[in-house]
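These are my notebook entries on one chain.

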Amino acid sequence: MHHCLSPNSSMTTKELQEYWRNEKRHCRQVKVLFEIPSARIVEKHLSKYVAYKIIIIQTGSFDENKSIIERRYSDFEKLHRNLLKDFNEEMEDMTFPKKNLTGNFTEEIINERKLAFGDYLALLYSIKCIRRSKNFIGFLTRPELEEAYSCLRGGQYTKALELLLEVIALQEKLTSHSPVLIIPTLCAIVVCHKDLENSRGAYEFGEKALLRLQMHCGHRYYIPLLETMITLAYELGKDFVSLQEKLEERKSKKGPLKAVTLKELAVQEYVQ
């Protein structure tokens, strides 16, 4: 990805201040703690499994946006299998709770696994290349993202937005090393707000996305996001000249482009 802006080029004073604030924030390592306080037995007509409640908290400051997800044994097992393919050496001394032929639903086994899985996640997170890996981040966010995008494609914008807002808080904790990774989620939130006729909310999240794209204007979301932001700025009576200039500048560099809207991009994410 080519950087087309440097911090001393065409940013406004406000954008520069935000840029350097973000840079400083990214330099400080964000630490995350994993707690598994409880589990529940889920019985469906053809299956029975234990769902472990995972609380993810960011350390260093009061984290009012603690994230809560649920994962089952088979989810952990799949994560372990996938990570071994890429990080076999880093994980050679790591133990994984074995599956029992019987007794998987006893209180004793469930409590043992709560502790074991909490330690396992903490150990994975302590290894830099693993905590930044697609498989690790995906384990913690993908099921909720898939559900959110399914709701978005089905026109259930309120439900999609609710899920996306929960996921974005967790993604921000996990991707501080590369803020551009959350661009699709931010843009999906923009789309939901826009379709729910909340232009102000859409514009707010659009601004967050644009700040993260300042140094990545070759990103596939950049032009569709600018076009959406110009429309929103016009609706809200905000100045859109600088946005228009950025759009024209980028289009002149890219040449003829196949027109794609922000919504069209969003609904293509996580298609099974």
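Entry 1: terms and basis. I call a crossing left-handed if the near helix is turned anticlockwise from the far one by less than a right angle, and right-handed if clockwise. The model is predicted, so I note that local features need pLDDT of at least 70 and side-chain atom pairs count only at pLDDT 80 or more, while totals for chains, interfaces and linings use all residues. Residues are numbered from 1 along each chain as its sequence is written, and side-chain values use heavy atoms, with hydrogens and water left out.

Entry 2: the chain as a whole. I found 11 helices and 3 strands; these are DSSP runs numbered from the N terminus, with helices being H or I of at least four residues and strands being E of at least two. Along the sequence the order is α-β-β-β-α-α-α-α-α-α-α-α-α-α. Of the 272 residues, 44% are buried (under 20% relative accessible area, with exposed meaning over 50% and partly exposed in between, for a 1.4 Å probe and protein chains only). The chain exposes about 15600 Å², of which carbon and sulfur atoms supply 50%; this area comes from the Shrake-Rupley method with a 1.4 Å probe. I then looked up contacts, meaning heavy atoms within 4.5 Å. Among contacts between residues at least 6 apart in sequence, 61% join residues at least 24 apart.

Entry 3: α5 with α7. I asked at what angle the axes of α5 and α7 cross. They cross at roughly 30° and come within 11 Å; the axes are lines fitted to C-alpha atoms, for helices over the stretch in contact, and angles run from 0 to 180 degrees between N-to-C directions. The angle makes α5 roughly parallel to α7 (under 35 degrees; over 145 counts as roughly antiparallel, 65 to 115 as roughly perpendicular and the rest as oblique). The crossing of α5 and α7 is left-handed. From α5, Leu-145, Tyr-149 and Leu-152 take part in the contact, and from α7, Pro-184, Thr-185, Ala-188, Val-191 and Cys-192. I sorted these residues into 7 nonpolar, 1 polar and no charged. Here Ala, Val, Leu, Ile, Met, Phe, Trp, Tyr, Cys and Pro count as nonpolar, Asp, Glu, Lys and Arg as charged, and the others, Gly among them, as polar.

Entry 4: α2 with α5. Helix α2 (residues 73-87) and helix α5 (residues 134-153) have axes that come within 9 Å and cross at roughly 165°. That makes α2 roughly antiparallel to α5, and the crossing is right-handed. I listed Asp-75, Phe-76, Leu-79, Asn-82, Leu-83 and Asp-86 on the α2 side, and Asn-135, Phe-136 and Phe-139 on the α5 side. The residues of this contact divide into 5 nonpolar, 2 polar and 2 charged.

Entry 5: α2 with α3. The axes of α2 and helix α3 (residues 107-126) come within 12 Å and cross at roughly 30°. The two helices are therefore roughly parallel, and their crossing is left-handed. I found Tyr-73, Phe-76, Leu-79, His-80 and Leu-83 of α2 in contact with α3, where Arg-113, Phe-117, Tyr-120, Leu-121 and Leu-124 take part. I counted 8 nonpolar, 1 polar and 1 charged residue here.

Entry 6: Arg-153 belongs to helix α5 and is partly exposed, at 36% relative accessibility. Which residues does Arg-153 contact, leaving aside its neighbours within four places in sequence? They are Val-267, Glu-269, Tyr-270 and Val-271. Its C-alpha atom is 8.8 Å from that of Ala-266, which lies 113 residues away along the chain. Tyr-270 is in the segment after α11 (262-267) and has a phi near 55°, a positive value in a residue other than glycine. I noted Tyr-270 as partly exposed, with a relative accessible area of 22%.

Entry 7: two glutamates. Glu-197 lies in the loop between α7 (183-195) and α8 (199-212). Its phi is near 60°, positive although the residue is not glycine, and at 72% relative accessibility Glu-197 is exposed. Glu-172, in helix α6 (residues 157-174), is partly exposed at 34%. Beyond its neighbours within four places in sequence, Glu-172 contacts Ile-182 and Arg-212. Glu-172 and Ile-182 are 10 residues apart in sequence, with 7.3 Å between their C-alpha atoms.
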